[in-house]
Amino acid sequence: MTEEYEPKILMIACNWCSYAAVDLAGTSRMRSPHNIRIIRVMCSGRVDPQMVLEAFVNGADGVIVAGCRLGDCHYIEGNYKTLRRMALLKKLLEQLGVEPERFRLEWISAADAKKYVEVANDMVEKLKKLGPLRISFEEISKLIEEVKHIE
Amino acid sequence: MSSVRGKVLVIGGGIAGIQASLDLAEAGFKVYLVEKKPSIGGRMAQLDKTFPTLDCASCILTPKMAEVPRKANIELITYAEVIDIVKEKDGFRVVVKKYPKYIDETKCIGCGICVERCPAREKLGAPDEFNEGLSTRRAVCILFPQAVPRKAVIDPNICLYLTRKTCKVCEKFCPAQAIDWSDTEKILNLYVDAIVVATGYRFVDPRHPALSIYGYGKYQNVYTNIEFERILDSRGPTGGEILRRSDKKHPKRIVFIQCVGSRDYRINPYCSAYCCMASIKQAVLAKEHEPGVDIVILYMDIRAFGKGFQEFYERAVKEFGIRFVRGRPAKIVEDPNTKNLIVYYENTLKGTIEKIEADMVVLALGIVPNPPDFMKRLGLVEPDGRVKIKDPSDPIATPVEGLFIAGMLAGPKDIPDSVAQGSAVAMRVMQHILRRKVEVVAT
Amino acid sequence: MVTRTFESRVTYRINPELMDKIKKLGGVGISKCFDCGTCTVSCPFSEELGLEPFPRRIIKYIKLGLEDRLLSSLEPWLCYYCGDCSDTCPKNAEPAETMMATRRYLVSKYDFTGISRIMYFTRFGWLIAAIILAGIAFIIGWIFKGPIVTERVELGTFAPVDIVDTAGIAVLVILASILIVNIYRMYRFTVGSLKGISLSKAFIELIKIVPLHFLTQMRLAKCSFREYWYIHLMIFYGYGLSFILFVPLLRLTLTNKPFLFVDPLSIAGVLSTILLIIGATLAIKGRLEKKTHVWRYSHHTDWMFVILLFLVTLTGVLTGIFRTLGYPLPTYVTFALHIVLVTPFLALEVPFAKWSHLAYRPFSIYFHRLKTLKEGVVL
Amino acid sequence: MSGEEIRIGVYVCHCGTNIAGTVDVEEVVRYASTLPNVVIARNYVFMCSEPGQQLIKEDIKKYNLNRVVVAACSPSLHELTFRNAVKEAGLNPYLFEMANIREHCSWAHPDRRKATEKAKDLIRMVVAKARELEPLEEIKIDVTKKALVIGGGVAGLRAALDLARSGFTVYLVEKRPTLGGHTARIPFIRYLGVRGDELISSIVKELVSMPNIKIYTNADVVSMEGGVGSFRVRIRVRPKYVDSKCNLCGECVKVCPVEVSNEYEYGVGTRKAIYLPYQTAYPQIYVIDPEVCTRCGECVKVCPTKAIDLDEKERYEDIEVGTVILATGYDPYEPEKGELGYGLSKKVITLFQLERLLDERGPTKGVLRIGDTEPRVIVFISCVGSMGTSPKAGSYCSRMCCSTMLSAALKIRDQLPGSYIYVIHKDIRTYGYDEELYWKALERDIRFVRYEELPEVKVSGDKIEVVVKDITIGEYISVPADLVVLVNGMAQGKYLREVLNVVRVSCGDEGFVKEAHVKLRPVDAASEGIYLAGSVTGPKSVIESIIHGSAAAARAATVLSKDHVFAEPIIAKVDEDLCSGCLVCVGMCPYNAISTKETDGRRIAFVNPVLCMGCGTCAAACPSGAMQQQGFKDKQVFAQIRAFAR
């Protein structure tokens, strides 16, 4: 690899707000980093901590979970549940030695394309500094099972 | 919906007409949609992108167009005109003139082979209306790639067979044997309960004497905004490349002139409502096509009144660096060698007389309603071109019971407002029909 | 009045009535203006001399009521009323008319006597004034007239030349001094003071500009409507010529000899009257036909000017004819009439009404030059 | 289906140059065709067009595809279009998946190589998910042929009227004690001679005469569940403390000790704690404002018809409807105290207040007096609270203020021919036929001053000076004003936030509700069955709101005319063998859609398909993986994640 290191980031976005925000960023022709790949779920509440770990196992250098602003959830309170789960996950990741910068939970409203671009840029920048993720995936894989019991 | 709840005629297959037809059909009404051109879609189909979201027009329009033939309740009659309506006790008799297509719609599969083969091209061809005459089309043609219905039409005025009794190439190659030389003009009578007229608008003539100062038609590199839209469009005559008429070079400086044939006592005193945003959009797109291009918009008032318009306007200034100058040019002079245009205007916010040399000038043309002739005959059109309405607070109901208008015909407006009016008029039609029939199901 | 607020920026207190005044003086359509600036660009004058672009700006001053700003502007005088702006105006706001009305307004402001205010703002004030002056002229004439010789035409005897001459000179001096004061006021309003310019420089400019434009009115040639310039020249030179004949050379022209076609002077006299008659007739015709912008709208002061001019010339011509044909009484009567008409014509027109632009225009160009010479003056 | 071989077709859209311009479509197609199970990969200029869809249909038959992936724009735009196409070809519409390579890729990244790479990844991920897709059956919902209209302003009333006339049952819920909203307070609409209150009364009169409409004033919607075809809504009706026995004698008002400023006159008049909002208000019943009422009981004593009951309690009603129309409108921007002299002098008022003062039926009987003198010089300052003129203001244009301002100005000229009117503005935005107002204003000698830096309104005792720089001449002018009118724009409705907590539609930053598509679906909300009318989606004139009302009604009618609609089956489903009955999921569900049921002696979770909205929170929580969200099953999402990096 001669050219500079390009982190790969997975973003799991809720259909109603954050996914729409990324769409808006596109239609407004805002330049956003190409490093981000997006998976659409109906609500951030669907996001199972396993998914995040799975992403790291499969070579993601960073993961963003994004939902509607607290209080704006299309499903009333789904994102509060996400908040709870991800808070726990964060601790877990730290214990695993996954730098906190690699995982972030963001609330991005459908109108807030700007915020998406900021978040994306910021993350890419940080990850470029950190470099690729180096921890044993076996550990995570083991964990994935335990994580099931977060609630 | 099993039983049909009423019959409606919708004249004009633009976005307003389409919306009205779809809503009516959805609600279980039988709709005859009559369109003058061989395809529905109207003006919006000619657009590259739409403001302020910069959605590509065909991406959001074509699905709606495609829905029309899918609806069992809609009978689509293209390449036809309503020449007269006759009021009858509870409804109208409508006389429709159907122009000959010389192609059997039921057989044509829209493969376009005939178009490829047609020898009536270049000099023998005709200016392509869809591209505002910036390109030529052949004698047999499909209006545009996404046309609905996607059926070919033969232009009798240039068809070699119909003019000189030679050729018939299309017939040889047509895989569906759809060519029908015996086709003739047909008159149909329809009986309907209500009529929606959504025939849209026409542009003021850029060659009007009062506009001669801008030199359209005299100077090659002066364009109308609809021409420019075609140029921006990847499906357009230049494949989406901005090239000057004179030398096919990319322009470095483009000047947009607002209120051309709008807010002008000598032509059309009203504001055309769409042009400010349209020009800003075109300017932004031009910047995308030619990042280096320097763009000046000469305006009177920027009427960014709709949702997200003001924000879009501000972005055009801040992010895209488009220059807005308040002034109305009084003369444009062409440099005979370079064919560049020198635009003279007063920068009214600086109080200085300035001139710009531009490679291209785009005129934001004003628009006026385009009512069908029978409306004029019925005395439903004011001298100033506005369509008469029954009640000032209700712009879509004409004095004639059961005759409604929608879209640009009811006054200048942007696409969302046209769509809203399309739906609204559908509602009015439903009531007009149901109020007589339905007895209310109280609870 | 100009008030200074916190920062040292000038804030003009507005006078809402200004627009109404200008409308009274013929500013038709001024209301319609939505200042697009089309007029400014179509104007053949506003681009030269680095002027403040007009008419748009002037119109805006009036609409907002910036009286002081308007009073200090020379632009109205630099407009030669060719009507190109009115032709291109998308709102039919007739900018040319506003400029004309503004000139009328300025004349009324420059004049210190207040007479021109009456001329312009009252419909028949001028008529009354004219009648009074005519009366005075008649009475004075009656008192000082010589014996009436009926067998021969002896105009010189009927109207003793010393009397007419001195009277003429007297009137001339009065009018000239009033005009000079008004021009000085114009200078105060527009230029303010000569601060920043050496007197000699100012003087050289004066020599350079005023006579040139006074005699040629060449800027008028820039108008697309040429005829307009020719008529101006005809009237100007016709008037100028007869002025020389009947004021400085009066002693040679006001004699008992028959006048027409007898000597070079009388030839000149014929020429001058022909010029005046044609000029005046064309002007009247034009104002009646209203074909071009220049003549579409006529203020009562315009009619006053052309009509008086026409009558004065006519009576002058008749006097000459009768005199040459040797009809004593008609000669005396027409001559008396001529004097009775010429007095109000000069007295009212030269300093107070339309005729005064003969002086204001060349001076406006001069003053504008002075303005540009002064440093730090924002135009 | 499990046994059958998986055959995927991938279709890459050029979208004109929108995608092909930056993404190397050919290469992407080449790559896609190498992916496992991909039978055919193609590209076409406009996949969404008729021929594009035709292409898919033909291939499905030709290559008997059983999965279809389209790489084009955002699914929010065209997922439905393609599902229909797939369906028409006889394939289950849920065996289709979309990759967003326009908004998320070609439009966001100018770099051709990078964009192309990303497009490949996105397609790979989606193809991976597609492999795991399963056919789903749409949920058939019987349509309740009733509609709920929230908001009794002109848009809501018009929508209600139209639906009622079309024979549907309509519930109309208005937050305030009277119908009509702000429109009822506009004395003249667009100088057309149409009176707002008359416009409203004419609609209301017809409405109340109809048997199929139920009007709740002083009420709000407190909860809403379900979806298109059948929403279950709870309405709270707050007490008015006065019942229909009220004969409008007005005795109560005389004795009421509490006096407060009258919001129905925008503060130019006052009212008592018990009051009738205004003469033509509907319903024609006095109402007590509990906020300010001291419960002194004076009114009760004097009321001749014993119509007043201070102990009246709020009541709840549960209704079921097929569609919901949201028409809660706007509220005028309220200038801060001191903003352009507002609140510092009685000579500085807002446009809404001016309109009240110019109303023949208003507090001043329509004569414009400041103190007891006629104002001579009147100054309008436009864009107050719009176009970011104040920190509190939105950055948007309030659309109707220019026309309203000029109508008012013209009215003043009619009334006070001697007045001088100065309009201090940014742009004059009398778009379309309203331009007539502008030229009328000009012809009536109204002066226009164009500003960039905000004017200053100097209030010194009784004198007011407005100092502003007219940028068309670059001079500062000072106007001695007898009356200053702040042309305040339209801002988010005071109660919108509350409503949105119940009716789940998203709201833009500028404070107005977002449409499903701002261009082509201006009255549809993002969630099916919910429609938007009037200024709730952004500033609109009265007439535009009427049109919007009808439009929303039309859209609602398209649903109500059907006997049943089909809802996306992306709901939760329990694998009964796996479910251990721990019921973690039950606590998760915001809609109480999950209950328990007994199967062969085991207590397991059961999802009510009608109640479930398909958020998937339960699935995320389920420890055994028994709870799955259809269309987003673990195996599907995980497959997508695993395909993330080759």
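This is a predicted model: local features need pLDDT of at least 70, side-chain atom pairs count only at pLDDT 80 or more; totals for chains, interfaces and linings use all residues.
Chain A and chain C, in contrast, do not touch, and 32 Å lies between their nearest C-alpha atoms.

The contact between chain D and chain B involves 76 residues of chain D and 79 residues of chain B. About 6,500 Å² of area is buried between these two chains, and carbon and sulfur atoms account for 59% of that area. On the side of chain D, the residues that lose the most area to chain B are Tyr433(D), Lys519(D) and Leu520(D); together they make up 14% of what that side buries.

Polar and charged groups also meet across the interface of chain D and chain B. There, 10 salt bridges are found by the rule applied. A salt bridge links Asp23(B) to Arg555(D), with 2.7 Å between the closest N and O atoms. Polar contacts across the interface of chain D and chain B come to 30 residue pairs, counted where both residues have pLDDT 80 or more.

Several helices of chain D supply two or more residues each to the side that touches chain B: α2 (50-62), α3 (75-88), α6 (154-165), α7 (196-208), α12 (435-443) and α14 (542-560). The largest share of this side comes from α14(D), which gives 12 residues. By residue class, the side of chain D that touches chain B consists of 32 nonpolar, 21 polar and 23 charged residues.

Chain D itself is divided into five parts by the domain assignment: domain 1 (8-136), domain 2 (146-238 + 314-329 + 495-562), domain 3 (251-302), domain 4 (332-491) and domain 5 (569-630). Taken over C-alpha atoms, the centres of domain 2 and domain 5 of chain D are separated by 35 Å.

One residue of chain D, Arg176(D), was examined individually. Arg176(D) is located in the loop that runs between β7 (169-173) and α7 of chain D. The relative accessible area of Arg176(D) is 25%; because this value falls between the limits of 20% for buried and 50% for exposed, Arg176(D) is classed as partly exposed. Apart from neighbours within four places in sequence, the residues in contact with Arg176(D) are Thr217(D), Asn218(D), Tyr264(D), Asp331(D), Lys494(D) and Tyr495(D). His564(D) lies 388 residues from Arg176(D) in sequence, and the C-alpha atoms of these two residues are 34 Å apart in space.

How values were computed:
Residues are numbered from 1 along each chain as its sequence is written. Chains are lettered from A and ligands numbered from 1 in the order in which they are written. Side-chain values use heavy atoms; hydrogens and water are left out. Contact means heavy atoms within 4.5 Å. Buried area is the accessible area (1.4 Å probe) that two parts lose on being put together, summed over both. A salt bridge is a side-chain nitrogen of Lys or Arg within 4 Å of a carboxyl oxygen of Asp or Glu. A polar contact is a pair of N or O atoms within 3.5 Å; within protein, one must be able to donate a hydrogen and the other to accept it, and residues adjacent in sequence count only if both atoms are side-chain atoms. Helices (H or I, at least four residues) and strands (E, at least two) are DSSP runs, numbered from the N terminus. Ala, Val, Leu, Ile, Met, Phe, Trp, Tyr, Cys and Pro count as nonpolar, Asp, Glu, Lys and Arg as charged, and the others, Gly among them, as polar. Domain bounds come from an automatic or database domain assignment. Buried means under 20% relative accessible area, exposed over 50%, partly exposed in between (1.4 Å probe, protein chains only).
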